[in-house]
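Please look over the model displayed below.

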Protein chains: 2
Amino acid sequence: MTQVQGVRIEIINTGTELLLGNTLNTHSAWFGRELFKLGLRIARQTTVPDGDAIRDSLEEAISRADVVIVTGGLGPTSDDLTREITAEVLGLEMIMDEAALRSMEAFFAVRGLAMAEANRKQALCLVGADSLANPHGTAPGIYVPPRLNSRSNCAVFLLPGPPRELYPMVHEQVIPRLRALAGVEIVNEALVLKFTGIGESSFHEGVDQRLAAVPGLEYGYCAHIGEVDLRLIGTAESLAEGRKIALEQFESFLISDDESSLEETVVRLMAARGMKLALAESCTGGLISHRITNVPGASEVFTHGFITYANAAKSELLGVSPEDIETHGAVSETVARAMAEGALRASGACIAVSVTGIAGPGGGSEEKPVGTAWLGLAVKGEPTKAYKIFHPRNRRDFKLAVSQAALEAVRRKLKGI
Amino acid sequence: MTQVQGVRIEIINTGTELLLGNTLNTHSAWFGRELFKLGLRIARQTTVPDGDAIRDSLEEAISRADVVIVTGGLGPTSDDLTREITAEVLGLEMIMDEAALRSMEAFFAVRGLAMAEANRKQALCLVGADSLANPHGTAPGIYVPPRLNSRSNCAVFLLPGPPRELYPMVHEQVIPRLRALAGVEIVNEALVLKFTGIGESSFHEGVDQRLAAVPGLEYGYCAHIGEVDLRLIGTAESLAEGRKIALEQFESFLISDDESSLEETVVRLMAARGMKLALAESCTGGLISHRITNVPGASEVFTHGFITYANAAKSELLGVSPEDIETHGAVSETVARAMAEGALRASGACIAVSVTGIAGPGGGSEEKPVGTAWLGLAVKGEPTKAYKIFHPRNRRDFKLAVSQAALEAVRRKLKGI
């Protein structure tokens, strides 16, 4: 079994802004996912305000845990006390790390700034501890190995709060030390298979028992709107077996096996084929275009987007016949087809996808309740297809679910499914 | 002073999915904001896995805190042990709450479902405690007043995890009890003033000292991309004074004083004037349209959106001259103006806003680095305006910052600023 059962890891996040609700704590979910890949778990996560409050929670945590990871409180202000309090709690002196000081001075010099006196304390380290270089900010991290801890056998990491500083430091300097501490000798690997078009319950029914029987494999599901991620960890061999089991049943629903999003997959597939995409959006109101253009390099494949929110716009920009809108309604198979075909014509793209639906809260009827949408898929030289979908959710989730269905229709077309 | 200094509140969130990183913990930020309005603070927040792990953290929390709020673990499965463990820790018996059981049976009956045997335990209450009705789900909440707690003088709330069940229960049943517990007799009020176009430092320099001098007023800032929220709590009188101070300096930057977003404000202002909006987006790739169409009722004001990601699309859909694109570049004042004017013409709207810029990571030059954007604002019968903006950020933050600037340009026009 690859899970490292014996290692208790606790995370302490410091930051008054997290407790006032000004800032959402995304660190602990991120840590959870990173540790999962090593077969490790967070046993407890605690958030405390800036300042002295960290003292009690640190004392408690080191008495329980094998590894304590503290984020935040390494800054230059008087509220940033993580370094000082940790030294007190562990009974260690502080010492100026001259190399860290030079590197901080260089950080400011490169930006043409003078280093303030207050920043000097950020280069203080604990005697005997490792200073963890921070190429993306001023405060180095600190690693106190268990042998320096006079209170317990617990290792302590002090890490900066900002994600752009924290994440690379964890990957480069924390994970190798965690592996050594946890005795993760068999190198675990992680694999995330993203699926769309099926629900989590299909996995429970379809592959759960077979996955559970693979020696050395751990797995978990993560369900989003219109997407289920199957996360596997284990040895290379057990991963290959887990992957095989999942794909035997569900390969046609696979978005990616490299954590790429559906929009990244669509952009990559189209770019590889030299194809152009056009979008005609009514009920999603620009969300599909927004998702596609979040992908760097989207301009290679995406040229024209038509947000035809009003009926007149559907006719003017996409040539949808006003009679068809009158006869069938704007949310209809006929109009979805005509929108997709109009977008193909007006853009010269190879593929166009259209959506028209009722996002709510108003606008529903008995025949077409809120949550109803039609999706059109027009491909140069092929007959246009249309699909009816139904996602009775709140407005934002409805938009997301419909955008997912539209991108999935394009993916399936590109994969020939 | 309206802050209730003496009351120590701790939050315990249970849920393995939070620690595995499958689900982001949004509860604690939400609680932070709700408690802030009462002048209360979270002293500590802890996340523990499902199951028995809640025991230690609950024992510790009730020994330190005046109020402990636990979320999650009230479900029907064997891992849902919050109710049972709290009874043990507080030394209370459990009893079937017949009213809660009836109401749960009704919940299932209305949905045409049979209630499973496992659900019965959700109607168990602690002897003497209050059962908190849950109209949006199956598990009632539980409130244990301090007098029932034989271990300490701490009050304990057990609440369901799903936000749609949790939030109304907090508003309707938890906050009134918290007010009573905390002795919040002066009814505090909260006011959120949202600003855009200025940074947090302008507030520090401009109004900080004057706000700090208002008796009975507490305030805090919350900075987002392209937005600063000033949050005030206090008596009606102190709020009015705080509001006056902030608006004397910054009224022209005010988005709303009722927590409306910038897009909600724009939709409302346009609807009130019976005006229509058109959008011509290049670098934001649909995000502005997406934001506008997140607002219920957007169809009253928004008709046409043009996502002209390719240069050809700018010419074909908006009539931008290819020579102008060739001469000035797609990211230029000339093209931004032409895009906005083209959108106005093609849509028949009263106002059109356009954006064209370099989102990166590629495509920058010395003259026009990544982060550069031009914004055009065309108004029927008026000369078109254009603004250059510069937001050197990552791709997603750049899109958000530019969308904010575009919506703000529309707001300022509508307000005659």
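## Nonpolar core

In this predicted model, the largest nonpolar core comprises 250 residues, and those with the most contacts inside it are A:V68, A:L375, B:V68 and B:L375. Such a core is a set of buried Ala, Val, Leu, Ile, Met, Phe, Trp, Tyr and Cys residues joined through C-beta atoms within 7 Å, where buried means that 20 or more other C-beta atoms lie within 10 Å of a residue's own, exposed that 12 or fewer do, and partly exposed the range in between, with C-beta atoms placed from the backbone.

Leaving aside residues up to four places away in sequence, B:L375 touches residues including B:A336, B:V353, B:V355, B:Y387, B:I389 and B:A409, contact being taken as C-beta atoms, placed from the backbone, within 7 Å.

## Relation of the chains

Chain A is superposed on chain B by a rotation of 180° with 0.2 Å of shift along its axis, at an RMSD of 0.2 Å, by least squares on the C-alpha atoms of residues with pLDDT of at least 70 in both. That is the relation of a two-fold axis. The copies meet through the same surface, because 100% of the interface residues of chain A are also interface residues in chain B.

B:R111 is exposed, with 7 other C-beta atoms within 10 Å, and its C-alpha atom is separated by 51 Å from that of B:I358, 247 residues apart along the chain.

## Confidence and conventions

Chain A averages a pLDDT (the predictor's confidence in each residue, from 0 to 100) of 91, and 98% of the residues score at least 70. The predictor gives the complex an ipTM of 0.81 and a pTM of 0.81.

Residues are numbered from 1 along each chain as its sequence is written, while chains are lettered from A and ligands numbered from 1 in the order in which they are written. Because the model is predicted, local features need pLDDT of at least 70 and side-chain atom pairs count only at pLDDT 80 or more, whereas totals for chains, interfaces and linings use all residues.

Terms used
Two residues are in contact if their C-beta atoms, placed from the backbone, lie within 7 Å.
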